[in-house]
Amino acid sequence: MKWSHLIVILSKEYEAVIKMVYVSFCLSSHDLEPDKVTAALSTQPHGKGRRGDKHQSRLREHVNTEGFWVLSTKGIINSRDINVHFCYLLEQLLPHKESIL
């Protein structure tokens, strides 16, 4: 797909200092069931969890207070051009717009 109306031009001043770019799309709610989102969108998330799930961070154990589902370009798109990242997410999500809304 072409997204020319969404293009953001990165200034040369900032291009030299930007080391990494990624964009994430997250759905979350108290009663979100991430497996139902995965099935509805036919897309595997980069992160998901149900309310009450436990996970370990570097410092301590956390308990999710909400269900969540995340699609990200981190580790998928290797570009410092944010346009490439947004285009990737739009291509993944727009075919499923009605399911998301």
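In this predicted model, helix H2 lies across strands E1, E2 and E5 and runs at about 40 degrees to E5. Helix H3 (residues 82-93) also packs on the sheet, where it touches E1 and E5. The direction of H3 makes about 125 degrees with that of E5.

**The sheet**

- Three strands form an open sheet in the order E1-E5-E2, and their pairing is antiparallel.
- Strand E1 (24-29) and strand E2 are the edge strands, each of them pairing on one side only.
- From one strand to the next, the twist averages 5 degrees.
- Strand E5 (residues 67-72) is joined to E1 by six bridges, and the two run antiparallel.
- Opposite Phe 68 of E5 stands Ser 28.
- In general, the strands of a sheet pair through backbone hydrogen bonds, in either a parallel or an antiparallel manner.

**The two sides of helix H2**

- Pro 34, Val 37, Thr 38 and Leu 41 are the buried residues named in H2.
- These four residues lie on the same side of H2, because they cover an arc of only 100 degrees around the axis.
- The cover over the buried residues of H2 includes strands E1, E2 and E5, together with helix H3 and helix H4 (97-100).
- Lys 36 and Ala 39, on the other side of H2, are exposed.

- Ser 42 is placed in the loop between helix H2 (34-41) and strand E2 (47-49).
- Just after H2, this serine takes a positive phi of about 50 degrees.
- Most residues other than glycine have a negative phi.
- Ser 42 counts as exposed because its relative accessibility is 63%, and exposed means over 50%.

**Ser 72, in strand E5**

- Ser 72 lies in strand E5.
- With a relative accessible area of 6%, Ser 72 is buried, since the cut-off for a buried residue is under 20%.
- The side chains of Ser 72 and Ser 24 are joined by a polar contact of 3.0 Å.
- A polar atom of the Ser 72 side chain also lies 3.0 Å from the backbone nitrogen of Lys 74.
- Leaving aside residues up to four places away in sequence, Ser 72 touches Tyr 22, Val 23, Ser 24, His 46, Tyr 88 and Leu 89.

Methods:
Residues numbered from 1 in each chain as written. Predicted model: local features only at pLDDT ≥ 70, side-chain atom pairs only at ≥ 80, totals over all residues. Heavy atoms only, no water. Buried < 20%, exposed > 50% of the residue type's maximum accessible area, 1.4 Å probe, protein only. Pairing = 2+ DSSP bridges. Axes fitted to C-alpha atoms, helices over the stretch in contact; angles between N-to-C directions. Contact = heavy atoms within 4.5 Å. Arc of directions from axis to C-beta. Polar contact = N/O pair within 3.5 Å; in protein donor to acceptor, adjacent residues only side chain to side chain.
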